[in-house]
Amino acid sequence: MPQHRPTARVLFDEAHSEAWTLRPDVAAAMQPAHPQDSSYALAAAALAARDFAVDAHVQGPLDAPALAAADVLVIAHPSEPRFERTVPGGEPRLSAEELDAIERHVAEGGGLIVLGETEQEKYGNNLNELLGRFGLSIEHDTVQDYERHLHAPSWILADLPDGGRGLETDLLARVRAACFYRASTVAAADGARVLARTSPSASTPGAPLVAATTHGRGRVVALSDSDLFGDDCLGDLDHEALWVNLVYWAAGPAFATHLEPVVSAAHADPAWAVLRDEADALALLQASDGALRDAADAEAAGRHVEAMRGAITALRGHFPHQAAYVDALLADLAAWAAGGFARPDFTASLEVFRPELERRDGIEHLVVFPMYKQNGSRDTCFEALIVRVPWPEWLAELEATRYDNPKFVPVELVDHTRGYDSECAVLFPETVAVAGRPVNNFGGIFCDREAERFRRVVSHAADLLQLNLPPDAAALLASETLSRDAYELWDLVHDRAHSHGDLPFDPFMIRQRAPYWMYSLEELRCDLTAFGESLALEREGFAFARHVQYAVLFDRLFRFPVTGERVRNYDGLGGQLLFAYLHRHGFLHWTDNRLTIEWDRIADGVVALREAVEELYRSGIDRSKLAHWCAAHDLVATYVAPATGSRWAREKRDFTDVEDPRPYIDLVLADEFPLSIFYSSLRAKLAPVLRREPVAA
């Protein structure tokens with residue numbers, strides 16, 4: 001499996017006589033008979049497989065330079081060597097300067113995880129002096145529980161409350177059971193979140209075992225036991241899920257960062273501003289088909305065209321890989337002007353516009369075409385764009401070895417004309433004005449734009465619905481980098497899925513006339529395929545693929561159904577079907593005005609719906625077209641109620657199976673499957689964030 005680059009950094013302190021180490025050789029020296037008793041190597045590996053770089057701080061003070069390399073600092077049970085076998089060197093007590101440095105680090109947005117032990121006061125450390133600055137402390141206790149324990153009364157099973165909701169995140173997502181081994185308890189000031197408690201039958205009943213709090217812009221977690229994340233115990237119960245959740249939460253501010261700005265020489269060239277502004281001015285003179293609206297504007301249009309040609313010529317040095325396209329573009333512009341500004345035909349330049357042949361990370365392409373915008377204006381007018389291709393090594397490897405898709409091109413907008421102030425997130429050949437049938441060389445997806453609207457809408461929906469949001473999903477919603485990369489992989493697999501499987505002759509169905517729920521099922525099938533492939537990738541070691549699962553699930557559930565007009569909204573219907581299926585079968589619940597997803601089961605529900613859709617496709621090969629359309633309607637209607645006046649509903653339709661059933665499409669209602677009460681309410685509440693505000697260039 002390829003490796004996705006880490007986003008956050010975890011520093012594990014090993015300079016203060018800790019009883020735990022990330023380094024296997026040190027663990028073997030500490031505990032020759034059983035190194036796992038001193039090793040956090042598996043805990044480090046669980047983080048390194050995800051979005052974290054993990055390192056050990058092995059010497060020197062925990063001062064500002066040392067902490068500058070950490071988004072999360074972990075201090076795991078420092079001890080005098082007479083009580084524990086510890087890493088060599090250092091003292092278990094933090095100096096006053098170190099205490100101040102760690103507090104500043106947290107206040108400025110750093111994370112801190114402190115793991116204590118039974119009989120905390122005897123080990124000679126001053127962890128409580130540190131934790132006291134955040135309203136926490138580890139008590140001097142050893143809890144026994146003769147009713148709720150694992151193997152021995154000192155191995156207590158924790159009571160786990162609700163782990164949190166909305167953007168505060170559910171720190172106990174996927175955590176149903178945890179054992180604390182010879183644990184103490186935690187004292188927490190008001191305002192701290194208690195994530196685990198002793199049971200009512202424990203020797204110290206109802207006492208916190210884990211507490212989390214905030215300080216300034218940072219986050220702190222205190223635990224009363226350090227064994228549960230050691231190599232011996234990380235695989236028990238749900239300990240690994242708890243560990244990963246806590247680190248993601250503590251690292252939260254590190255994920256809420258913007259993509260590094262990239263300097264574009266083409267964008268900085270004054271010729272680009274000329275091209276963009278002249279194209280915008282020319283667009284105002286065009287009719288809906290791209291022709292000049294008024295012959296009286298011919299002279300002005302000619303000046304705009306000549307200015308555009310001059311700017312394109314000046315810019316061509318920035319795009320040497322597009323020499324053939326620039327030549328054809330200049331010729332097409334001249335021909336359009338010479339032909340009297342009729343409906344434009346840019347066939348020649350479209351045929352040599354080949355971004356799919358230049359998929360190199362960071363390469364930029366110039367795009368100038370008369371086109372309409374999907375999810376935007378359907379009028380054809382000139383647009384000018386500079387786009388950049390993100391093509392990281394991990395994505396290139398997956399495309400080359402697993403998901404071959406030579407036409408797929410992920411792109412980011414560097415700058416654009418006014419037409420792309422819309423919700424349009426694609427660059428497709430079929431949107432370009434040509435005289436005949438357009439070529440089908442490439443499919444450009446603006447992954448940055450998709451990721452932006454995903455973060456915008458889903459963040460509000462998660463908070464509004466008080467979703468039990470896992471901390472790694474919150475990191476995805478906060479991070480421009482993670483969300484963009486998730487869409488790169490999602491789009492790669494989705495786009496490829498249109499031509500794989502038991503399919504109709506034209507799987508894209510762009511050139512077919514069919515009831516709109518057929519488009520719904522095709523787009524949903526491809527998204528469910530992307531979800532299923534991301535499950536396989538995660539199982540095989542590419543943990544980043546879980547972000548694709550979140551992206552598919554959340555975008556389909558929260559954005560698709562409530563976006564756009566209610567006229568043959570096929571993407572919206574696919575989202576409605578997914579929600580209804582998962583709700584009907586108990587994979588998610590809407591109770592007490594809170595949405596709860598069964599995180600340990602949700603993938604099973606998505607996979608089951610995928611199987612139902614794929615079975616529809618397999619069976620459809622042996623049906624007539626009309627029978628197939630009816631069967632598809634029945635599948636959707638099983639979960640999403642059709643409109644009361646539907647002529648296609650099973651109990652009302654009275655169709656004759658004819659060779660050409662397309663006239664029956666005229667009987668489809670504009671909103672054949674109306675929104676449920678849930679989505680009608682959600683749509684109204686999300687209205688302020690559903691449309692992206694235009695951004696000035």
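## Burial and the model

A residue is called buried when its relative accessible area is under 20%, exposed when it is over 50%, and partly exposed in between (1.4 Å probe, protein chains only). By that cut-off phenylalanine 655 counts as buried, because its relative accessibility is 18%.

The model is predicted, with local features needing pLDDT of at least 70 and side-chain atom pairs counting only at pLDDT 80 or more, while totals for chains, interfaces and linings use all residues. Residues are numbered from 1 along each chain as its sequence is written, and side-chain values use heavy atoms, leaving out hydrogens and water.

## Aromatic pairs

Rings of Phe, Tyr and Trp (its six-membered ring) pair if their centres lie within 6.5 Å, and the planes count as stacked when under 30 degrees apart, edge-to-face when over 60, and tilted for the rest. By this rule there are 37 aromatic pairs. One of them joins phenylalanine 229 and tryptophan 243, which form a tilted pair at 5.1 Å centre to centre with 45° between the planes, and both residues are buried.

Tryptophan 648 and phenylalanine 655 have ring centres 4.8 Å apart and planes at 70°, so this pair is edge-to-face. Tryptophan 648 is buried, with a relative accessible area of 0%, and ring pairs link Tyr516, Trp517, Trp648, Phe655, Tyr664 and Phe673 into a cluster.

## Positive phi values

Most residues other than glycine have a negative phi. Histidine 77, however, has a positive phi near 55°, and this residue is buried at 1% relative accessibility. Phenylalanine 341 also has a positive phi, near 65°, and counts as buried at 8% relative accessibility.
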